[in-house]
Amino acid sequence: MKEKLEQIRQAAVAELAAPEADLEALRIRFLGKKGELTAVLRGMGGLTAEERPVIGALANEVREYIEKAIAEKAEAQKTAALAKKLLDERLDVTMPGKAPAVGKRHPLAQVQKDMEDIFIGMGFSIVEGPEVEYDYYNFQALNIPENHPARDTQDTFYITDNILLRSQTSPVQVRTMEKQRPPIRIISPGRVYRSDAVDASHSPLFHQLEGLVVDKGITMGDLKGTLETFAKTMFGEQTQIRFRPHHFPFTEPSAEVDVSCFVCGGKGCKLCKGEGWIEILGAGMVHPNVLRGCNIDPDEYSGFAFGMGVERITMIKYGIDDMRYLYENDVRFLDQF
Ligand code: DAH
């Protein structure tokens, strides 16, 4: 029996030598209730009274020996696993990092912000108005009564006969003058809508920026100075502006305003289509009917107003020849700005 116990000890030692030894399986095999050691102890009934304590003591010693060997092996396996994990997960902290892709403003948002900053610098404040608007504010209060031909060029989307998606930012002029007494000096950027099919220069949704100044003694000279400052800041110090007579129902007199081409300086090129000048906006002196409709006395106060397309300014500034690029959101395009 002694030999048998020694054999068990040797077998356990041999099995535990393998680095990947399955310790739980070995514990069950050698020390478990149905294990090899228990089997030997069961056979002790056939021993003499002298042999029994000797074999019993040896069996206990072998049990403790194997238990200790398993515990030591468990500790060794744990240490080895940790060492392997550290090796596998080793980081080279000196390696250059991957720069996270940082987003940026869309060119339209950027240009709108640039425009706002220029006017804020001249003392204007920003006022926003609703995109879903009453016919009254979008047309009637701007001196465009029902059936006025000016409505044709600004056909939009109607929600009811009286409620529509605004076709211009000019209704914010009226909403502001109804609420605020002069002096008024505001700009109003925002989305506008028209029932236009999409092409290189049209979209049913686009953006405008409106301006309005009302006070005592405001003249066309103030309008000109304001727009000249805007044009020079936006397109460069050498930029000139030019007023051409035009008609808008809500201003009198009205003008379309051009800037000298900042690419060719006026000689004529692709951007200005050989003209030397590029149209950028509509403007004029606020019509007395519009002032009167807002309870502002046109004999006491005068004002100027202007409105421009943010898409248009963006396209001119960056030489973009198709408006659709601005809405497709292809990052290869957007990344250039
Ligand atoms: N609202 C006009 C348009 O959409 C642009 C405009 C022209 C605005 C003259 C004005 C202005 O305030 O005075 O075509």
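Which strands each supply at least two residues of the shell around the ligand? In this predicted model, they are strand S5 (205-215), strand S8 (277-286) and strand S9 (302-309).

**The ligand and its shell**

The ligand has 16 residues around it, and the closest are Gln168, Gln173, Arg194, Gln208 and Glu210.

| Protein side | Ligand atom | Distance |
|---|---|---|
| Arg194, side-chain N or O atom | oxygen | 2.9 Å |
| Ser170, polar side-chain atom | nitrogen | 3.0 Å |
| Phe306, polar backbone atom | oxygen | 3.3 Å |

As for cover, the ligand taken alone exposes 360 Å², and the protein buries 91% of that.

**The sheet behind it**

Now for the strands. S5, S8 and S9 belong to an open sheet of seven strands with mixed pairing, and the order reads S1-S4-S5-S9-S8-S7-S6. Strand S1 (125-126) and strand S6 (241-248) sit at the edges with a single partner strand each, so one side of each has no neighbour in the sheet. S6 runs antiparallel to strand S7 (residues 251-260), and seven bridges join the two. If you want a spot to look at there, Arg244 has Glu256 in S7 as its bridge partner.

Helices pack on this sheet too. Helix H7 (residues 171-179) touches strand S4 (184-193), S5, S8 and S9, and its direction makes about 35° with that of S5. Helix H8 (residues 220-235) touches S6, S7, S8 and S9, with its direction at about 125° to that of S6.

Terms used. Residues numbered from 1 in each chain as written. Predicted model: local features only at pLDDT ≥ 70, side-chain atom pairs only at ≥ 80, totals over all residues. Heavy atoms only, no water. Near = heavy atom within 4 Å. Polar contact = N/O pair within 3.5 Å; in protein donor to acceptor, adjacent residues only side chain to side chain. Areas by Shrake-Rupley, 256 points an atom, 1.4 Å probe, with all protein chains shown as cover. Helix = DSSP H or I, 4+ residues; strand = E, 2+ residues; numbered from the N terminus. Pairing = 2+ DSSP bridges. Contact = heavy atoms within 4.5 Å. Axes fitted to C-alpha atoms, helices over the stretch in contact; angles between N-to-C directions.
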